[in-house]
Amino acid sequence: MAVSSHELIAGFADPVQASQQVFRAALKVMSEPGTLVEIDYAETAPKGLDLSTWQLALSLLDPNTRVWLSPTLAANDAVISNLRFHCQCPLVDNPFDADFVIAWHSELPLLAELNWGTAEYPDRSTTLIVQVPALSDEPDWTLSGPGIEHTRSLYVAGLSEPFRSDLTRSRQRFPLGIDTFWCCDNRMAALPRTTQIEPFKKAEEAC
Amino acid sequence: MSTATGYNFAYLDEQSKRMIRRAILKGVAIPGYQVPFGGREMPLPHGWGTGGMQVTASVIGEADKLKVIDQGADDTTNAVSIRRFFAHTAGVETTEQTAEATLIQTRHRIPERPLQADQILIYQVPIPEPLRFIEPRESETRKMHALSEYGAMQVKLYEDVARFGHIATSYDYPVMVNNRYMMDPSPIPKFDNPKMSMMPALQLFGAGFEKRIYAVPPFTQVESLDFDDHPFEVQSWDEACAICGSDHSFLDEVITDDNGSKMFVCSDTDYCRERVDQGFVGTAADLSTSEQETEQ
């Protein structure tokens, strides 16, 4: 598919500084899982991409990163044209072949369909970027693990029950695993494969 | 501060930075695991901190305040030249004060003052593979990491115990990160090992010659290897710092003349300065400040 020039929008006004700032935000959320940040270095995103997804793409994607898009995004001319033009990332047909998967929460591939890396090279795994309808620190998941002093709570809306339990159980396969960014408008959070996820327990009944 | 013309911000090109940034993110996601990356040539020789510099160049932004230390000191050749390099190519502010810095690139020490959340400590690493002197083949050490087969390192430490009666490894002391990966903490003295565990700051490691990046996220467990009957211990000194009187910091022994006179001083020059500013004094308080310079 060619680039449709009438769909193209401007990228970062200052690509060097904005890429660095967005990367630092990504580094913060990945090293402190469950932390929410807002990133505002681009004013608009291609229709179909959240602002934070678009900024992550501009910051991290390039001709060396293979990208798989979930069906609605893959059929979206604005998304494809802008990714091709600004990032020049190759788009692949199979999520297993992708370094980055960008997906709507309702169109997520099974975790098992993604590349989890190998025992010797666990870093060669897919990074999953999910666009979700809401993202907050309301108590839904209780997170623990590296990057979290005690526990942190995170609410990621719109995920199916099977996906949530797959993600929770995937921790047993560490060091293999999938690292995820959650994007909603200009907000972003991340869960690396080290983060243990537990459903939030209401305060224990008095005992 | 003026920046160099003809170079990209912080020297590295954007494509290289992106590649390194992706490697850093994977390193953070798999604490202690060495992520291979496409190491670039930097305008100084390998062994002078090119790995740490590539990490710094990829992380640094205009708002950052950079501190660089070499064996704890801000004023040694390596530290001065790297600090000037980034002041020149990125135009960032630099500082010698640990508390003020947002990024600290270090060769072989962790500052004495506890690091805070949102600070990033970037280590220069010569040999990232803790098992390399036990097993020279990369293909094998990779399998050992994959299988968590770390017995050989325990044997090496045990040989110390058998020969010397205690674990004689005093720097580059191997650690287990998050209970999974054995990691080389770079040649920091084992005195600094306990500071790595549950540190509020993010720790990034760059090995330029070996082209590896690894990381320890904040609040991650880092345990030094030991035995039940020979627990991990750090160095201690009978002396106190001659300048600031500190009896709890890592001390360098400095020879002061041809007759074997010597003094002990803090290896962390900023920490020592801070204490002197607070009014602490050591036995050599009247000596000229030129003798603060540490060896190595």
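**Entry 1: A:Gln88**

I looked up A:Gln88 and found a relative accessibility of 46%, so A:Gln88 counts as partly exposed. My cut-offs: buried is under 20% relative accessible area, exposed is over 50%, and partly exposed lies in between, with a 1.4 Å probe and protein chains only. This is a predicted model, where local features need pLDDT of at least 70, side-chain atom pairs count only at pLDDT 80 or more, and totals for chains, interfaces and linings use all residues. I number residues from 1 along each chain as its sequence is written, letter chains from A and number ligands from 1 in the order in which they are written, and take side-chain values from heavy atoms, without hydrogens and water.

Where does A:Gln88 lie? I found A:Gln88 in the loop between helix 4 and strand 3 (100-104) of chain A. Helices (H or I, at least four residues) and strands (E, at least two) are DSSP runs, numbered from the N terminus. The phi of A:Gln88 is positive, near 55°, and the residue is not a glycine. I noted the background: most residues other than glycine have a negative phi, and most peptide bonds are trans.

I located B:Met198 in the loop between helix 6 (193-196) and strand 8 (202-207) of chain B. With 38% relative accessibility, B:Met198 counts as partly exposed.

Next I checked a peptide bond. The one joining A:Phe174 and A:Pro175 is cis, with omega about 10°. A:Pro175 sits in the loop between helix 5 (161-170) and strand 7 (179-184) of chain A.

**Entry 2: helix pairs in chain A**

I started with helix 1 (residues 15-31) and helix 2 (residues 51-60) of chain A. Their axes come within 9 Å and cross at roughly 110°. That makes helix 1 of chain A roughly perpendicular to helix 2 of chain A. Angles of 65 to 115 degrees count as roughly perpendicular, under 35 as roughly parallel, over 145 as roughly antiparallel and the rest as oblique. Which residues of helix 1 of chain A make the contact? I listed A:Ser19, A:Val22, A:Phe23 and A:Ala26. From helix 2 of chain A come A:Gln55, A:Leu56, A:Leu58, A:Ser59 and A:Leu60. Contact means heavy atoms within 4.5 Å.

Then I took helix 2 and helix 4 (residues 77-87) of chain A. They pack at about 30°, with axes 9 Å apart. That makes helix 2 of chain A roughly parallel to helix 4 of chain A. A:Trp54, A:Ala57 and A:Leu58 of helix 2 of chain A meet A:Asn82, A:Leu83, A:His86 and A:Cys87 of helix 4 of chain A.

I counted five helices and nine strands in chain A. Its C-alpha trace spans about 65 × 35 × 30 Å along the principal axes. Of its 207 residues, 56% count as buried.

Chain B has seven helices and twelve strands. Its C-alpha trace spans about 60 × 55 × 35 Å along the principal axes. Of the 296 residues of chain B, 57% count as buried.

How many residues of helix 2 (residues 50-59) of chain B are buried? I found ten of its ten, so to say mostly covered, by the cut-off of under 20% relative accessible area. Among them are B:Gly51, B:Met53 and B:Val59.

Terms used
Axes are lines fitted to C-alpha atoms, for helices over the stretch in contact, and angles run from 0 to 180 degrees between N-to-C directions.
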